[in-house]
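Please consider how the overall features of a protein chain, and one of its helices, may be read from a model.

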Amino acid sequence: MTTTIVLQSRAVGAAPPRPAIEIQWTEHGIPHVKAPDYYNLGLGYGYAVAQDRLCSIANHYITLRGERSRWYGAEGQAMAGFVPTQNLNADLFFKVQLSDAVVRLSARGLQADTRTLIRGYVAGINRYVSEIPASKRQGLCEGKPIPVVNEADILRAEMAIGVTKKAFHTALYATSSASAWQAKTADTNADADPTVQFALATYSDLIKGQGSNAWAYGSDVAPNDRAIVVANPHSPWMPYHWHSFHIAHLTIPGKLDYAGAAFSGLPVPMIGFNKNVAWGMTSAHSWFMLQVMNVQESGTRPTYVMDGKQKPLRIERVTVEVLEKDGTLSKRIFEVPFSELGPLYKLPTLSSQGRPAGWYVVTAPSDNNARALDQFLAAGRARNVGELVRAIEDNRGRGVHIIAGDKYGDLGLVEAGPVLDLSDAQLADCRYPDPSAAFYVLDGSRRACSAQMRDGMPSLAPASRYPGPRTRGIIQSTNNSYEHSIYGRVMPQYPILFGDEDPFVPTSSAGISADRSRDRNMRIVMSTRRMGEISADGVVTPTEAMDVIFDNRNFVAEDWLDEILSVCTQPSLSPEASRGCTALAGWDRKNDSESRGALLFHQFWLKIARIGTVIPAKNPGDLTVRQSLTITPENRASVLAALEDSVREVEALGFAVDAPWGNAFHADTAHGRVPLHGGSMRQGVLNAMDVMPLTRDGFPSVAAGAAYLHRVRWDNGEVVPDVLLSYGQNEDPKSENRAAQIQLFADKKLFRMPFSEEALSKARIVRRISLTPEKR
């Protein structure tokens with residue numbers, strides 16, 4: 001154990017010294033930071049997180065500043081949210097969407113404690129970097145830059161989450177749109193563009209593959225009349241990804257004491273617990289609006305039409321520095337067109353997304369909004385579910401569902417994100433008059449359809465329009481809408497922007513589908529089934545609460561494998577089909593690491609999902625009703641061919657058709673290869689682990705899977721938190737705490753996190769330091 005104590009001398013009669021910032025690391029690298037005030041708490045946490053995630057934080061901040069071209073050249077690859085594109089596109093996108101003006105606007109809306117915490121967090125990261133000798137600093141991140149961090153970096157890191165989905169439509173066209181206004185250009189079609197299709201596939205894997213879950217069990221079913229809260233958010237398992245979690249415990253005596261997981265580079269846990277209340281989180285739609293603008297392109301004075309009046313576009317010059325191939329720096333200047341609704345992008349047709357070609361403004365409810373930092377800091381101070389709900393509602397900033405429970409047995413669901421102030425009737429009235437347009441594509445030539453106020457801020461729905469159910473029974477979320485969140489109760493309908501309407505399917509002539517249950521989310525069906533099973537005796541135990549995740553039951557296999565195997569009964573099967581049928585018949589219908597047949601089925605189901613006539617198009621209205629596949633004489637041959645192709649595919653990559661799932665799904669650690677468990681959310685596996693395409697060495701990485709997990713309960717009034725960060729605290733893929741936590745995940749175990757002062761006094765402290773506090 002390493003201990004560093006920094007002492008302060010004091011003159012006679014001087015004021016007593018301020019308490020030091022104390023950081024204690026417990027097992028698995030968890031920092032427990034105690035400080036006298038918000039500034040020094042931020043300083044301590046920034047200092048601690050920099051030791052685990054400095055390189056990924058630095059890389060993320062550089063991306064959000066729009067400086068990737070400055071360091072890596074214009075043609076290198078960047079991620080704009082979850083969209084892969086060239087550095088130059090990403091830089092221009094972020095310089096426009098997260099400009100200095102936008103950052104200043106968002107900062108003005110934050111509470112004083114939050115801004116103070118941010119300033120301290122910045123100081124802590126910079127202090128840690130300043131203490132690294134220059135000789136070591138140069139090679140610390142493989143020679144990549146480590147910027148001096150500022151407050152704007154933190155605000156951009158929060159606001160970038162709100163523009164993630166906006167980036168999907170616009171980031172690829174950031175640079176091209178900055179010149180398209182100068183001369184009339186033809187409308188194009190992106191349906192066959194390989195760059196767009198690659199971005200679409202990547203976005204689909206990373207966004208739709210994030211099968212996060214949360215459950216809360218209230219006093220009606222949980223032992224001891226206390227709640228049990230299970231959090232199971234998902235993220236990529238890539239060491240330097242901006243979407244990675246980090247666990248911390250933050251304390252200001254008498255003011256704040258809570259713990260949980262934050263995204264790397266953000267100063268507050270967003271999923272967590274304190275001694276009275278705990279919460280989980282799953283992503284919500286947070287619908288943005290694509291507004292088609294009536295633009296007259298011109299090389300000199302481009303204009304647009306608003307409410308029948310022709311107005312000049314404002315052209316803003318944006319500079320991006322670029323590292324050229326000869327090592328020199330150049331400046332590329334882009335002339336970005338703006339209307340009164342914001343920056344414009346010329347987008348090609350993308351029919352799979354219901355997007356006609358045209359000039360667009362994109363309005364998102366989270367524009368100019370960093371209030372999730374207020375939101376989760378306030379949540380950490382809550383003393384019960386009621387206070388937590390009010391903290392979230394008063395500071396709506398992040399587009400997620402929050403599922404909470406407290407030591408009194410109460411539960412609540414609260415929509416944490418802002419929602420645009422557009423009713424179903426307004427959406428129908430404002431829909432862009434093109435039958436191919438999705439319901440969220442609006443007529444941008446009408447100010448009444450803009451969902452914006454005159455100052456450019458989004459117009460947000462009033463609190464009375466949000467669902468907010470409370471119960472003492474069971475709440476569940478698998479990224480589904482509010483409708484089925486209270487087990488055993490179907491919620492009344494709220495405006496479409498709160499639901500799971502799929503915008504990428506044909507809608508009615510009014511623009512809103514009459515069928516509000518289009519979402520094909522197999523996990524909510526499986527979750528509902530599991531809630532019925534574990535609560536059948538009237539009590540849900542802590543073990544049962546975790547079994548819901550770790551039993552790895554495959555919904556598709558449970559409900560439909562027998563129907564699939566019916567194709568095996570026909571005479572004269574090919575050798576490939578025969579081997580495949582035998583392997584699937586012997587499968588235990590789970591995705592445990594030792595499950596034989598799961599690997600073949602994974603490859604097979606990818607192909608079945610592309611046969612549009614086989615799988616039911618949507619969930620049943622009653623989630624307890626079992627549906628059937630549609631295997632007909634017309635598509636039977638296609639199903640059998642998919643099985644044969646999958647057998648050949650698996651065998652060509654060197655795997656037996658009945659190889660254990662863990663032979664292909666594994667993680668490499670400092671202590672060797674560890675077989676893993678969990679399966680695809682598209683197969684209804686609640687322990688959703690969606691992987692990158694199969695290779696000879698197995699699945700190369702987890703595109704999105706179980707990341708932070710906690711099961712929080714109360715015993716004799718004391719909080720009992722069991723937690724896990726599946727891929728570990730440290731970005732180093734060879735770190736010991738990563739190896740230890742991956743092994744715990746493989747063993748289906750969490751670890752007890754010391755939280756109370758008494759628990760910390762008895763815990764094994766692996767490292768302790770004291771930092772001199774700063775006065776701010």
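The dialogue below treats the chain as a whole and then helix α5.

Q: What kind of model is this, and how are residues numbered?
A: This is a predicted model, in which local features need pLDDT of at least 70 and side-chain atom pairs count only at pLDDT 80 or more, while totals for chains, interfaces and linings use all residues. Residues are numbered from 1 along each chain as its sequence is written, and side-chain values use heavy atoms, without hydrogens and water.

Q: How many helices and strands does the chain have?
A: Helices (H or I, at least four residues) and strands (E, at least two) are DSSP runs, numbered from the N terminus. The chain has 22 helices and 33 strands.

Q: How many of the 776 residues count as buried?
A: Buried means under 20% relative accessible area, with a 1.4 Å probe and protein chains only. By that criterion, 61% of the 776 residues are buried.

Q: Which contacts in the chain join residues at least 24 apart?
A: A contact means heavy atoms within 4.5 Å. Among contacts between residues at least 6 apart in sequence, 70% are of that kind.

Q: What span does helix α5 reach?
A: The expected span is 1.5 Å times one less than the number of residues. Helix α5 (residues 112–130) has 19 residues and reaches 27 Å from its first C-alpha to its last, close to the 27 Å expected.

Q: Which residues of α5 are buried, and what covers them?
A: Among the buried residues of α5 are L117, I118, Y121, V122 and I125. The cover of the buried residues of α5 includes α1 (38–65), α7 (151–162) and β33 (765–771).

Technical notes:
Buried < 20%, exposed > 50% of the residue type's maximum accessible area, 1.4 Å probe, protein only.
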